[in-house]
Amino acid sequence: MRPAMIVHGGAGSPRAKDEIPGYLREIENAVKVGVEALRSGSSLEAVQAAVEYMEDTEFFNAGQGSSLTSDGRLQLDAAVMVGRGLKGGAVGACECTYHATRLARAVMETTNHLLIVGDDCRRVAVEAELKIEKLHPAKAVLDRFEREVRAGEKRRAAARPSHDTVGAVAVDVSGVPAAAVSTGGLWMKKPGRVGDSAVIGAGIYADEAAGAACATGIGEEIIRNALSWEACRLMKRGGAMAAARRAIEQVSRRSGRKTAGVITVDLGGGVGFAHNTPVMGRGWLDNTRERIVVELR
Ligand code: GLY
């Protein structure tokens, strides 16, 4: 089986010109970290490594760079899923670690449940012996928040599209697909709001009879459309690219444009991506030329 991997840095509006080189470099680094893990480990190790890399930079709306709630807190959502056995784990509105993906994996591996939310995420983290972290917004995020609150822009800011979410999908040499996703959620979301990244079938899905998918965009629309599940269903009939395009066409028809993006990987080692937002950053291993491709369009 040919291993394959694709990573995204979020679908949304275009970035400021001076941010683009650093943003693309970090996506490339995330793919490198993931591909390295994929050479010696499973697809789960690969997607977790890539997403954790992105959680640790401040370039993305995840981990250290996460968006704030309307009352100025970080509440993170994340999930992981493995296609063999349909195993998964997720956390919602988590405030005890930047490494929400690691905690989602702990939900999968140490509990009988799929989703843990709010304050009780801390209990799972302690039981799994993960480090509890005090969350502070990144400087750029705090500056934006203070600027907008000062300018009384709260209402407008909440409706403004933001860069969103990080995710990865991979298939390993054993043909096992996996997906991981992590986000701070929508900019100035209501405290307690949980989005698609904590919902298996919406933010991610992996099925050993199809492949894996990971979504980005407006969580409410992604949940309504069960986007990642639908992309995997479509992959049973076509390749990763065709499935991604069809799944996003469906979202555009039902929910409108500027709502979502998705990345996909199929069991033949093909990767796919599609979005109806102005841009979506992505990077993948081009298996035919053995090189990493990174794009922001
Ligand atoms: N797609 C991330 C969110 O809506 O929370």
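Residues 24 or more positions apart account for 67% of the contacts in the protein with a separation of 6 or more, where contact means heavy atoms within 4.5 Å. The model is predicted, so local features need pLDDT of at least 70 and side-chain atom pairs count only at pLDDT 80 or more, while totals for chains, interfaces and linings use all residues. Residues are numbered from 1 along each chain as its sequence is written, and side-chain values use heavy atoms, with hydrogens and water left out. The protein holds 9 helices and 12 strands; these are DSSP runs numbered from the N terminus, with helices (H or I) of at least four residues and strands (E) of at least two.

**Overall dimensions and surface**

- For 297 residues, a compact globule would have a radius of gyration near 19 Å, and the 17 Å of the protein agrees with this. The radius is taken over C-alpha atoms, and the globule rule is 2.2 Å times the number of residues to the power 0.38.
- The C-alpha trace spans about 55 × 40 × 35 Å along its principal axes.
- Of the 297 residues, 58% are buried. Buried means under 20% relative accessible area, exposed means over 50%, and partly exposed lies in between (1.4 Å probe, protein chains only).
- The accessible surface comes to about 12400 Å², and carbon and sulfur atoms contribute 50% of it. Such areas come from the Shrake-Rupley method with a 1.4 Å probe; for residues, only the protein chains shown count as cover.
- There are 40 positive and 36 negative side chains, and the centres of the two sets lie 6 Å apart. Lys and Arg count as positive and Asp and Glu as negative, without His or the chain ends. The charge is placed at NZ of Lys, CZ of Arg, CG of Asp or CD of Glu.

- Helix H2 (residues 43-55) has 13 residues and reaches 18 Å from its first C-alpha to its last, close to the expected 18 Å at 1.5 Å a residue. The expected span is 1.5 Å times one less than the number of residues.
- In H2, 10 of the 13 residues are buried. Among them are Leu44, Ala46, Val47, Ala50, Val51 and Met54, together with the charged-type residues Glu52 and Glu55.
- The partners of these buried H2 residues are strand E1 (4-12), helix H1 (20-40), strand E2 (76-82), helix H3 (100-110), strand E5 (166-171) and strand E6 (177-183).
- Leu38 belongs to helix H1 and is buried, with a relative accessible area of 6%.
- Beyond residues up to four places away in sequence, Leu38 touches Pro3, Ala4, Met5, Ser43, Ala46, Ala170, Val171 and Asp172. Ser43 and Ala46 are also among the buried residues of H2.
- Leu38 and Ala79 are 41 residues apart in sequence, with 19 Å between their C-alpha atoms.

- Val80 lies in strand E2 and is buried, with a relative accessible area of 0%.
- Residues up to four places away in sequence aside, Val80 touches Leu44, Lys87, Gly88, Gly89, Thr101, Ala104, Arg105, Met108, Ala179, Ala180, Ile200 and Ile204.
- From Val80 to Leu142 the separation is 62 residues in sequence and 28 Å in space, C-alpha to C-alpha.
- Ala93 is placed in strand E3 (residues 87-94). Its phi is near 50°, a positive value in a residue other than glycine, and Ala93 is buried at 6% relative accessible area.

- Gly195 is found in the loop between E6 and strand E7 (204-207) and counts as buried at 2% relative accessibility.
- With residues up to four places away in sequence not counted, Gly195 touches Asp77 and Ile223.
- The C-alpha atoms of Gly195 and Pro278 are separated by 21 Å, and the two residues are 83 apart along the chain.
- Ala226 lies in the loop between H7 and H8. It has a positive phi of about 40° although it is not a glycine, and it is partly exposed, with a relative accessible area of 27%.
- Helix H8 (residues 227-235) is mostly covered, with 7 of its 9 residues buried: Leu227, Ser228, Glu230, Ala231, Cys232, Leu234 and Met235.
- These buried residues of H8 pack against E7, strand E8 (211-217), helix H7 (219-224), helix H9 (240-255) and strand E9 (260-266).
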